[in-house]
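Biologist: I would like to learn how to read a structure like this one, feature by feature. Could we take the general idea each time and then the case at hand?

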Amino acid sequence: VDRPRPLVAGNWKMNGVKSSAKVLTEIHAGYTPGLKAKVELAVCPPATLVSLLSYASVGSRVAIGAQDCHAKESGAFTGDLSAEMLADAGATYVIVGHSERRQYHKERDVEVCAKAVAAHRAGLTAIVCVGETREERESGKTLSVVRKQLRGSIPVDSNSRNLVVAYEPVWAIGTGLTPTVADVAEVHALIRDELRRLVGKADAPKVRILYGGSVKPSNAAELMAVENVNGALVGGASLVAADFLAIAGAY
Ligand code: PEP
């Protein structure tokens with residue numbers, strides 16, 4: 001089976017102002033032809049910077065993504081942004097169902113799925129996030145929780161071009177803690193298995209499954225070498241160009 005080209009995506013969360021474009025400039029400078037051949041890069045800044053960074057990325061082939069979108073195309077939804085608007089601003093990816101959205105904005109699988117449908121409608125690739133809490137892991141529910149999230153959050157029109165899955169254990173995000181490689185392998189194998197049901201046997205091997213949660217230059221090689229890990233979703237370390245590039249260089 002030919003493996004998909006890995007994707008290393010940075011999630012800047014609620015960090016970054018116009019002057020942060022210099023981080024992207026540094027990423028561009030380090031995204032050498034050799035690295036480009038091995039790994040795809042994406043940066044997901046706050047929505048205020050999508051347009052600016054998309055222009056700055058023309059020619060560099062670093063993709064720009066958003067961190068959330070509304071399910072509807074337009075309308076009376078004060079403060080919200082549609083997938084179409086984000087695509088118009090230059091995004092090609094959008095993260096949906098990040099644990100911080102699930103936690104602080106009470107997003108459930110059904111809403112996450114509607115957002116992924118919106119992403120596809122607008123021509124964006126949805127990065128659908130799933131992952132268990134510490135409590136769920138400790139009570140042995142990890143696999144059933146992740147399975148349920150996948151079945152509820154991934155739309156039926158998904159395929160390897162418009163879907164990326166990110167496995168992000170909630171307890172590993174921003175904590176410096178990471179699962180063992182065996183635990184990562186177990187969950188990623190389950191995700192691959194579920195993808196066979198969701199997108200079909202032929203396309204499932206081509207869907208990128210990212211690992212996210214405290215990925216750093218020091219642990220990237222170990223995590224990225226795990227079977228069925230096709231890249232990383234990187235939070236904190238993506239704010240420092242040298243760290244983000246070092247993680248990408250782990251391939
Ligand atoms: C994230 O929030 O997507 C993430 C992986 O964060 P961090 O790398 O900071 O743990």
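Predicted model: local features only at pLDDT ≥ 70, side-chain atom pairs only at ≥ 80, totals over all residues.

Biologist: Which residues does UniProt list for "active site"?

Modeller: The unreviewed UniProt entry lists H98 and E168 under that heading; positions are in the numbering used here, feature names are shortened, and annotations may be inferred rather than shown by experiment. The two span 71 residues in sequence, yet no two of their C-alpha atoms are more than 8.4 Å apart, so they gather at one spot.

Biologist: Where is the place of H98, and where is that of E168?

Modeller: Helices (H or I, at least four residues) and strands (E, at least two) are DSSP runs, numbered from the N terminus. H98 is in the loop between β4 (93-96) and α5 (99-104), and E168 is in the loop between β6 (163-167) and α9 (181-199). H98 also counts as buried, with 27 C-beta neighbours inside 10 Å.

Biologist: With which residues is H98 in contact, leaving aside its neighbours within four places in sequence?

Modeller: Two residues are in contact if their C-beta atoms, placed from the backbone, lie within 7 Å. Setting those sequence neighbours aside, H98 is in contact with Q67 and C129, while E168, with the same exclusion, has contacts including S99, C129 and L233.

Biologist: How should I read a helix, and which residues of α8 are buried?

Modeller: An α-helix has 3.6 residues a turn, so residues three or four places apart point the same way. Helix α8 (residues 142-153) has 12 residues and reaches 16 Å from its first C-alpha to its last, close to the 16 Å expected at 1.5 Å a residue, where the expected span is 1.5 Å times one less than the number of residues. The buried residues of α8 are T142, V146, Q149, L150 and S153. They cover an arc of only 100° around the axis, which puts them on the same side of α8; the arc is that of the directions from the helix axis to the C-beta atoms. These buried residues pack against α6 (109-121), β5 (125-130), α7 (134-138) and α9.

Biologist: And for a strand, which way do the residues of β1 point?

Modeller: In β1 (7-11), L7, A9 and N11 point one way and V8 and G10 the other way, and all are buried. Five of the five residues of β1 are buried, so β1 is largely enclosed by the rest of the structure. Two strands pair if DSSP finds at least two bridges between them. β1 pairs in the parallel sense with β2 (residues 40-44) over five bridges and with β8 (residues 231-234), also in the parallel sense, over four bridges. G10 has V43 as its bridge partner in β2, and A9 stands opposite L233 in β8.

Biologist: Is V17 buried or exposed?

Modeller: V17, in the loop between β1 and α1 (21-30), is exposed, with 10 other C-beta atoms within 10 Å.

Methods: Residues numbered from 1 in each chain as written. Buried ≥ 20, exposed ≤ 12 C-beta atoms within 10 Å, placed from the backbone.
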